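Have a look at the picture first, and then read on.

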Protein chains: 2
Amino acid sequence: MTKQTGRLTLPTDADIVEETIRLKNLLGADALRDCDGTEMPDALLNEPVKKYATYYTTRKDNAWAEQNPEEIQQEYLISNRVTARSEKLCIRLMEGFHTQQLKVNTLDDPKRWWEVIDRTTGEVVSVDDWEFKKEREEVEIKTIPYHEYTVSFLAFLIWDPVHMYNFITNDWKDTPHQLTYDVRQPKTQKYVKEKLKRWCEENPQIDVVRFTTFFHQFTLTFDDKKREKFVEWFGYSASVSPYILEKFEKWAGYKFRPEFIVDQGYHNSMFRVPSREFKDFIEFQQQEVCALAKELVDIVHSYGKEAMMFLGDHWIGTEPYGKYFAEIGLDAVVGSVGSGVTLRMISDIKGVKYTEGRLLPYFFPDVFGEGGDPIGEAKDNWMKARRAILRSPLDRIGYGGYLKLASEWPGFIEEIQSVVGEFRQIHENMNGTKSYVAPFKVAVLNCWGGLRKWMSNQVHHAIWHRETYSAEGVLECLSGMPFDVEFISFDDVKKGIPKDIRVIINVGDAYTSFSGAENWIDEAVVTTLRQFVDEGGGFIGVGEPTAYQHQGRFFQLADVLGVDREMGFSLSTDKYNEKNPQHFILEDIEGDIDFGEGTTRIYAQGDHYQILAMDGEYSQLVVNQYGKGHGVYFAGLPYSPQNCRILLRAIYYAAGMEQEMKRYYVTNVDTEVTVFQKTQKIAVINNSGKECQTDLYINGDFIVRLTLEPGEMRWLNETM
Amino acid sequence: MTKQTGRLTLPTDADIVEETIRLKNLLGADALRDCDGTEMPDALLNEPVKKYATYYTTRKDNAWAEQNPEEIQQEYLISNRVTARSEKLCIRLMEGFHTQQLKVNTLDDPKRWWEVIDRTTGEVVSVDDWEFKKEREEVEIKTIPYHEYTVSFLAFLIWDPVHMYNFITNDWKDTPHQLTYDVRQPKTQKYVKEKLKRWCEENPQIDVVRFTTFFHQFTLTFDDKKREKFVEWFGYSASVSPYILEKFEKWAGYKFRPEFIVDQGYHNSMFRVPSREFKDFIEFQQQEVCALAKELVDIVHSYGKEAMMFLGDHWIGTEPYGKYFAEIGLDAVVGSVGSGVTLRMISDIKGVKYTEGRLLPYFFPDVFGEGGDPIGEAKDNWMKARRAILRSPLDRIGYGGYLKLASEWPGFIEEIQSVVGEFRQIHENMNGTKSYVAPFKVAVLNCWGGLRKWMSNQVHHAIWHRETYSAEGVLECLSGMPFDVEFISFDDVKKGIPKDIRVIINVGDAYTSFSGAENWIDEAVVTTLRQFVDEGGGFIGVGEPTAYQHQGRFFQLADVLGVDREMGFSLSTDKYNEKNPQHFILEDIEGDIDFGEGTTRIYAQGDHYQILAMDGEYSQLVVNQYGKGHGVYFAGLPYSPQNCRILLRAIYYAAGMEQEMKRYYVTNVDTEVTVFQKTQKIAVINNSGKECQTDLYINGDFIVRLTLEPGEMRWLNETM
């Protein structure tokens, strides 16, 4: 029988002591935590569980911030784009920003750290041709009429963005706005270390210091109406200061430019192909941040406590798949699980003793209130998380927010009881062993590669965007599939594709970092990939793979994929595309395929293609024989159980390994099977909300027909 | 009472003499013509009507072609793209082409006239690194493994493409394939002139020599299954020969390259931004072709006959809006009317005495057969043509094909009787005067400008393409609207926008010649247009106007239009777009707006926009105040009576001249009004297939409520 305790962290608060104990016992929690805006009650400090304390290195000390205004954190902002109508233009810097969050840095020399750019030509305006008018917070520029201008400038973050977000979301009234301070700078650094030591001494009952987080907040900027203006979970724009940038210049050996950070106003969104300078900056920040984080972690360890990092908020510079992360010496990472992808983003992290996933919903009034559906969100979240856990388990799960809200919502506690039960059952049955994977690896190819595993094709993680779900679905499908998945960059391709990779996936919109942009006119990239496929590999493209308009093609690997996109230039070329859906990939599939937003104007071409799905005259799913290998093209692939199955089959087909697919297999597309060969346990899960029948195959042979309840996870013994 | 005769040309044939006379009398035709595949019967030569004879300068003389194989017309072809798998590659030149249509030119030196290109790098392969293997019709290339290669080569056009098309469409069996010959070359030129003189002498009863056409066929290439492979109505790929190209080199002062013509395989489709070299080539060909055409026209005139040019088939080099066209001295141009746009393309031509439109359907068995709907096509064609004729009239109309098919189709003759009646009525009431237009001009801005008036945003003219109808609709709407329309190029903009232009329209897909591509990063273009709007002008963008990814914007005039397109890079920027459809532009409009295929990912931005229509979170119709002027953005605008009305209002709004709109106005969106002030005649047309009521306004005052039959044209006196 499955253990009924452990692996679970619950939040608590001052007003819910008795209920916390009741729920802890009911759910078998072995850890309690506080959250932003809640407090760990003294009465619980002696409970026989681990106590986590949320620890903020850069805020919750306004006194220090106010005494050291020059060490308040800074952010590079870009002003509105303003078109000059004459030869003089004044740009009001803070227009559109919230002055409670950000304040123009007037301490450091604007001429040294700011940049005025003519966005019509891209040229930098000479510092002699503009002046900062401090009293009006305006920059006055000598302009060319009808050119458009921006000012990139530094501002102090006088309200911590996450505190501001929590404040607004929870409608807090009298909480003072928390300022931020920059732990990288010497005075603050010394102070923060001392303070951490003192805190450790004063909190002997705390077992786990949950850093939330280290030093730099991801970019989260509010507008003048206190609405979110810009949010980039991977953004480095708020990790800057003249102190840091001068160090960067010495390290890099070249002069820093604000444009490296503001990036035409895109702020180095993950979708942008990273510039060399931005990559340098990330590298530099990782080195510095990880080294300093290690010092804090060492302090924590010296008091016999564990150090845990929250993967979020001030996580910038600690990229968990970066080269320096393991050196921090953390015991654990905890992060928010919004989907299978975000779960894998946490559970695949190396260099820590354990990982913890904070499941959704967060216990905040936006969900636990009128119109909210916390039970539905919990079910949905678990259904996506579960299939990913079966492939790569988190060690622990937990929740966050106000426990009171959860305990008062009818039926919610029962729902998480069931989640926690299944989670423990998975651990019991897998017993630390790895689940069966196909005898080849699958790689996702984009500009970020291994540095940002499971992070691609999304905006703020796990948030649905009409522009991204049709691409992100590929990763969501993969997160629960029986494949070892690598994330590789174009540099990796050029160094030579490792022999164990048999299928490469390129998914994204044209000219983004995910599709690859100018990498597709790098002959070393295209020749390596053509050879890879020609010799038997598989190449799967989704959306606008390999896209770059060049020499008569939009998709540079049109020959491999068997498709190209009509950009208007080849409308004069007749196409005679016809559908033939009889194919291995669609053998289990009934009804229409969901390509999400899809991609218009795709046509098949060449002599070796077969079109499996069309929308009018446009092709949506195409396979192509290329030498000994295969190309597969999808117009889009949002997550759904059916699309998981289509992708599973497409991968086996692309690999030329169709015969391996039924090593372990369940027929119903709403179901999936995971096998732990060492423990001889088999899990069959129903990913749908309805009862279904499915046939289990092992080694190609029919074994048993199963009837699964909605959402059920059924365990079988392999030796049955 | 309207005249019952004149302005009409009917086709005839040997087998339909009596019926021709009956129909000529019934319909009041004043001209008869033969067609490709038909013959003018001798019995009709004495009828009291004008006789047109179709005259072919480049075909119908296989004996000559066979005696002079080196003067057969040639076409630049590009081979299939083939990926090298080793260091040697053989490309079979004729793969995918039809060997009955085209034959590799082995007479001229391949090393001089062909080009092998590495399409992976775009580099030309040295002539030392490839060999033409004549016996196998292959080119053997020294290659870099996994690079892709093409061969550009010359082939003789051994079957005239239009003859081949007619042969296939009519399922002719024993007609010999007509070869083509190049009238530009000295021997043939001399021969053709002599022959024309002889022909004029031998055909004294012929009044009009209908050139079909001059010397070079537009690009029309068939594949190995006799299907259309490539068709570009504007294409110059079949107007080449070493003789011509050597002359071009002398004229241009630089070496010719096949790439100027094959253009990466796109063959200089109208959608491509034309290269300098291609523009030079067009210019050169126009000069040469027009000068030679003049010589033939002079011959015709010397025999007292008229010379008419068919705008199609071998029309290449005679661009009717080009600088040299008028010098040909033609009496008339005749062309196929597929829509309002193609009608205006003919009726707006200057430099001829009259224009004639060949209405649809063409009397061919594909329409006059099972499943065909010739009456529906005729109605549709007339409904679109009529509104354009009211703005810019053709002088004559006519039909083509086999008269027998038309005469035998029940009800068809009655249908064209009604068309011809309305056509004559328009002429009677307009009496050679110009209809009322708004007190400002509208300009369509693209890379082709005035050279290709009414020719933009289409593939083969008036053929529906899913990729183009949402853009072409703008022109179709304009073709019947009360505006003087100019077509201007980016060079025109840079020279200074003429004062009488008040609204500029930019419509098309990103990076095409119609949108403008790199012209949008030309600061002279954007500053001129910004100033134009700032000072009160209007700028209307449809689809992907002003698109070029540069300095933080996709639409370079995002500030003017109030919108940009989300290319993934700014997903981190929050948008708060909300719809407010209360606006002058939508005052008459009920129900949904049809944006056709639309444009996804459009969002409004800036401080001066109003969103009139949305699809989820994407904007579809946005207006923007810009200084004293206005921007208007449409996600697409297919032709429909409702969209004509929306565009009419958008233009008056963009011009800041809303108060002028009701100078003459009808309320029902299915109706339009045309006013001939000099004759005091007003036409109100019903563009829909249903009865409707509409209120006529003059000078802003209600005049009368009219009830119009389906498709009716009602004439009123302005003085009523």
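This is a predicted model: local features need pLDDT of at least 70, side-chain atom pairs count only at pLDDT 80 or more; totals for chains, interfaces and linings use all residues.

- Most peptide bonds are trans, and most residues other than glycine have a negative phi.
- The bond joining B:L360 and B:P361 is cis, with an omega of about 0°.
- A cis peptide bond also runs from B:T212 to B:T213, where omega is near -10°.

- A:R7 is not a glycine, yet its phi is positive, at about 65°.
- You can find A:R7 in the segment before strand 1 (8-11) of chain A.
- Is A:H267 buried or exposed? A:H267 is buried, because its relative accessible area is 7%, and buried means under 20%.
- A:R7, by contrast, counts as partly exposed, at 30% relative accessibility.
- A:H267 has a positive phi too, of about 50°, although it is not a glycine.
- The place to look for A:H267 is the loop between helix 7 (259-262) and helix 8 (276-302) of chain A.

**Where the chains meet**

- The size of an interface is often given as the accessible area lost when the parts come together.
- Between them, chain B and chain A bury about 5800 Å², and 44% of it is on carbon and sulfur atoms.
- On the chain B side, the residues that lose the most area to chain A are B:Y146, B:Q551 and B:F569, which together make up 15% of what that side buries.
- Chain B brings 63 residues to the contact, and chain A brings 63 residues.

**Links across the interface**

- How many salt bridges are found across the interface of chain B and chain A? There are ten.
- One pairs the side chains of B:R85 and A:D534, at 2.8 Å from N to O.
- Polar contacts join 48 residue pairs across the interface of chain B and chain A.
- Helix 15 of chain B gives the most to the side that touches chain A, with six residues.
- By class, that side of chain B has 16 nonpolar, 22 polar and 25 charged residues.

Key:
Residues are numbered from 1 along each chain as its sequence is written. Chains are lettered from A and ligands numbered from 1 in the order in which they are written. Side-chain values use heavy atoms; hydrogens and water are left out. Helices (H or I, at least four residues) and strands (E, at least two) are DSSP runs, numbered from the N terminus. Buried means under 20% relative accessible area, exposed over 50%, partly exposed in between (1.4 Å probe, protein chains only). Contact means heavy atoms within 4.5 Å. Buried area is the accessible area (1.4 Å probe) that two parts lose on being put together, summed over both. A salt bridge is a side-chain nitrogen of Lys or Arg within 4 Å of a carboxyl oxygen of Asp or Glu. A polar contact is a pair of N or O atoms within 3.5 Å; within protein, one must be able to donate a hydrogen and the other to accept it, and residues adjacent in sequence count only if both atoms are side-chain atoms. Ala, Val, Leu, Ile, Met, Phe, Trp, Tyr, Cys and Pro count as nonpolar, Asp, Glu, Lys and Arg as charged, and the others, Gly among them, as polar.
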